[in-house]
Amino acid sequence: MKPYSAYLLAGLLCLSSALPTFAADTTVADPRTSLGMTPEERTEFLSEMRKMLGSIQGILQGISTEDRKLIAEFATQSGNRMARATPDTLRSRLPQAFKDIGGPTHMLFEELVIRAETDDMEDLLKHTTTIMNQCMSCHAQFRAD
C-alpha cells in the first residue's frame, strides 16, 4: 500500500465514523446560522454543494489512481468559476462570515488544479484534507434555508 493510500483510507474511515453525528436530531434546535435563501436559491445552492462533494470524490479518485488530469478536472469544477456563478442578489445577502469561508475554499480548489501538475500524491491528499476542513467548518456554521 502506498503511503498516501493509508492516509486516504484513514480519512475515509474518519469521515464515515463521523456520519452519525450529522443525523438530524429533531429534539434540539439547529444552532447554525440561516443563509436566508428563497426556495429557488436553496435548490440551486444545494445543487452546487453536491457538485463540490462530487469534486472531492473525483479528486480522491484521481489521487488513488495517480491521475493528475482527473484531479485537476474535478478541482476546476469547484473553483472560482463556481463562485462567480453565484447570483449577485444572493451574494449581497450572504453573511460576511460565510464569504470568509467560501471564497478561500474556492481558491483552494484553484490551487489544487495547479498543484496537481507536480506535487506528490501525499501532498495533494493533504491539500484535499484542507479543503474538506473548510467544507466542514462552513457546514457546521451555516444552514441553507
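Helix H2 buries Glu41, Phe45, Glu48, Met52, Ser55, Ile56, Gly58, Ile59, Leu60, Gly62 and Ile63, where buried denotes under 20% relative accessible area, exposed over 50% and partly exposed in between, with a 1.4 Å probe and protein chains only. The model is a predicted one, in which local features need pLDDT of at least 70 and side-chain atom pairs count only at pLDDT 80 or more, whereas totals for chains, interfaces and linings use all residues. Residues are numbered from 1 along each chain as its sequence is written, and side-chain values use heavy atoms, with hydrogens and water left out. Helices (H or I, at least four residues) and strands (E, at least two) are DSSP runs numbered from the N terminus.

Within H2, serine 55 counts as buried because its relative accessibility is 0%. When residues up to four places away in sequence are not counted, serine 55 touches Phe74, Gln77, Ser78 and Phe109, contact being defined as heavy atoms within 4.5 Å.

H2 is followed by glutamate 66, a residue of the loop between H2 and H3. Most residues other than glycine have a negative phi. Glutamate 66, although not a glycine, has a positive phi of about 55 degrees, and with a relative accessible area of 38% it is partly exposed. Aspartate 67 then caps the N-terminal end of H3, one of its side-chain oxygens lying 3.2 Å from the backbone nitrogen of lysine 69. Such a polar contact is a pair of N or O atoms within 3.5 Å; within protein, one must be able to donate a hydrogen and the other to accept it, and residues adjacent in sequence count only if both atoms are side-chain atoms. In H3 the buried residues are Leu70, Ile71, Ala72, Phe74 and Ala75, and their cover includes H2, H6 and H7.

A nonpolar core is a set of buried Ala, Val, Leu, Ile, Met, Phe, Trp, Tyr and Cys residues joined through side-chain atoms within 4.5 Å. The largest comprises 21 residues, and those with the most contacts inside it are Ile59, Ile63, Ile71, Phe109, Leu112 and Ile131. At least two residues of this core come from each of H2, H3 (68–77), H6 (96–115) and H7 (121–141), with H7 giving the most, namely six. Isoleucine 71 touches Ile59, Gly62, Ile63, Leu112, Ala116, Met121 and Leu124, residues up to four places away in sequence again being excluded. A second, separate core of 10 residues includes Leu35, Met37, Phe98 and Ile101.

Two aromatic pairs are found in the whole structure; rings of Phe, Tyr and Trp (its six-membered ring) pair if their centres lie within 6.5 Å, and planes under 30 degrees apart count as stacked, over 60 as edge-to-face and the rest as tilted. The rings of phenylalanine 45 and phenylalanine 98 form a tilted pair, because their centres are 5.8 Å apart and their planes stand at 50 degrees. Since phenylalanine 45 lies in H2 and phenylalanine 98 in H6, this pair ties together parts that are 53 residues apart in sequence. The rings of phenylalanine 98 and phenylalanine 142, with centres 5.5 Å apart and planes at 85 degrees, are edge-to-face, and they link H6 to strand S2 (residues 142–143) across 44 residues. Phenylalanine 45 is buried, as are phenylalanine 98 at 10% relative accessibility and phenylalanine 142 at 7%. Phe45, Phe98 and Phe142 form one aromatic cluster.
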